[in-house]
Amino acid sequence: MKLWEKLSVTFYRLQILNTLKILEDKSLEKVLKRSLEVLEPAALVKIKTYIIHSCTPSGGFADKSGRPDLYYTFFGYFIAEALDINSLFPAIDRYNELAIRLDNLDEIHLHCAAILASRLHSDRKTLKQLRKRILKIAVTQPSIHLEYSAYLRFLSAYYLRDFRFIPKIQRQVETLKKYDLLPAPSVAALLVATLCSGKPADELISKLLSFYQEEGGFKALYESPEPDLLSTAVSLYALNLAGYDMRIIRPSCLEFVESLYIEGGFGGNRLDPDPDIEFTFYGLLALGSLAY
């Protein structure tokens, strides 16, 4: 990185110190590590075995159809890191490098690739290329799901250590006023993005809690027949980030999350209990959020 680029990064970093503190204090890797404190040793062994077997020979983690996918590889990597399964990292790195070289990634997969590259210590040229591509998206490309995109853009900026576009994302978040009809995962993403923008979030916290079910878990929509693990995990993570006291909801949420654990993995909900990598990530994220 050239001197003027380093100075630019330092300048923007000073502007967004509070945002960095929020993302660093309860980063994904730290919260996932906390989940290990509430798991039995036997369960940890089974989860490790499940994760190792879910990594395909290509280095990518398998989706529900058994094919390697970068989105699932993002989840698989963070679980492997939390469990110290370092032997998988070289293959994951090769798979991610190939995905980056193919240059056909949509925004979500681009963020996954960038975050993986930063965690796997890819070469400077690759990281510089990714910073340029994400900067262009963040500054010029609108999104119909800006709540989720804003959260991913904050994450990429944090992991790539490139803070030039964070003020732009913060201004985008300020335009997101209508959230009455959003599902719980989008409200959770908006809550995190709002916290990272340094804006009041009490109304969003109340809105997110309205999806909570007393028997345990969060529904995606009020009319959903069952709470689900994705909505529960991202809601708990966002509430944890907001400093919400979860003592009242902790017992029922723990019971709900634990009910979806099956032989090393987590399922999405009680109606679809088959485990996969994505829901296993969310299971651990939920447990880690509840461990604070």
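Modeller: Let us begin with leucine 271, which, once residues up to four places away in sequence are set aside, touches Pro225 and Glu226. Please keep in mind that this is a predicted model. Leucine 271 lies in the loop between β4 (265-266) and α15 (277-290), and its C-alpha atom is separated by 35 Å from that of cysteine 196, 75 residues apart from it along the chain.

Biologist: What makes leucine 271 count as buried or exposed?

Modeller: The word exposed is kept for residues over 50% relative accessible area, and because leucine 271 has 64% relative accessibility, it counts as exposed.

Biologist: Serine 122 is also in a loop, the one between α7 (107-119) and α8 (124-140). How do you know whether serine 122 is buried or exposed?

Modeller: Buried means under 20% relative accessible area, and serine 122, at 8% relative accessibility, therefore counts as buried. Leaving aside its neighbours within four places in sequence, serine 122 is in contact with Asp93, Glu97, Ala117 and Leu127. Of these, Glu97 is one of the buried residues of α6, among which are also Phe89, Tyr95 and Ile100.

Biologist: What can be said about the length of helix α6?

Modeller: Helix α6 (residues 89-102) has 14 residues and reaches 20 Å from its first C-alpha to its last, which is close to the 20 Å expected at 1.5 Å a residue. Just after α6, aspartate 103 takes a positive phi of about 60°.

Biologist: What makes lysine 30 partly exposed?

Modeller: The term covers values between the 20% limit for buried and the 50% limit for exposed, and lysine 30 is called partly exposed because its relative accessible area is 42%. Lysine 30 lies in helix α3 (residues 28-35) and, apart from neighbours within four places in sequence, is in contact with Glu24, Asp25 and Tyr292.

Biologist: Tyr292 is a contact of asparagine 240 as well. Why is asparagine 240 called buried?

Modeller: Asparagine 240, which is found in helix α13, has 3% relative accessibility and so counts as buried, the limit being under 20%. Besides Tyr292, its contacts beyond four places in sequence include Lys26, Val31, Met246 and Ser289.

Biologist: How does α13 pack with helix α12, and why is the pair called roughly parallel or antiparallel?

Modeller: Helix α12 (residues 202-209) and helix α13 (residues 229-241) pack at an angle of about 150°, with their axes 11 Å apart. Angles over 145 degrees count as roughly antiparallel, so α12 is roughly antiparallel to α13. Their crossing is left-handed, and the contact is made by Ile205, Leu208 and Leu209 of α12 together with Ser235, Ala238 and Leu239 of α13. By class, that contact has five nonpolar, one polar and no charged residues.

Biologist: What, then, makes α11 and α13 roughly parallel or antiparallel?

Modeller: Helix α11 (residues 184-196) packs with α13 at an angle of about 20°, with the axes 9 Å apart. Angles under 35 degrees count as roughly parallel, and α11 and α13 are therefore roughly parallel to each other. The crossing of α11 with α13 is left-handed; among the residues that make the contact are Ala188, Leu191 and Leu195 of α11 and Val234, Ser235 and Leu239 of α13. The residues of this contact divide into eleven nonpolar, two polar and no charged.

Technical notes: Residues numbered from 1 in each chain as written. Predicted model: local features only at pLDDT ≥ 70, side-chain atom pairs only at ≥ 80, totals over all residues. Heavy atoms only, no water. Axes fitted to C-alpha atoms, helices over the stretch in contact; angles between N-to-C directions. Helix = DSSP H or I, 4+ residues; strand = E, 2+ residues; numbered from the N terminus. Parallel < 35°, antiparallel > 145°, perpendicular 65-115°, else oblique. Left-handed = near helix turned anticlockwise from the far one by under 90°. Contact = heavy atoms within 4.5 Å. Nonpolar A, V, L, I, M, F, W, Y, C, P; charged D, E, K, R; others polar. Expected span 1.5 Å × (residues − 1). Buried < 20%, exposed > 50% of the residue type's maximum accessible area, 1.4 Å probe, protein only.
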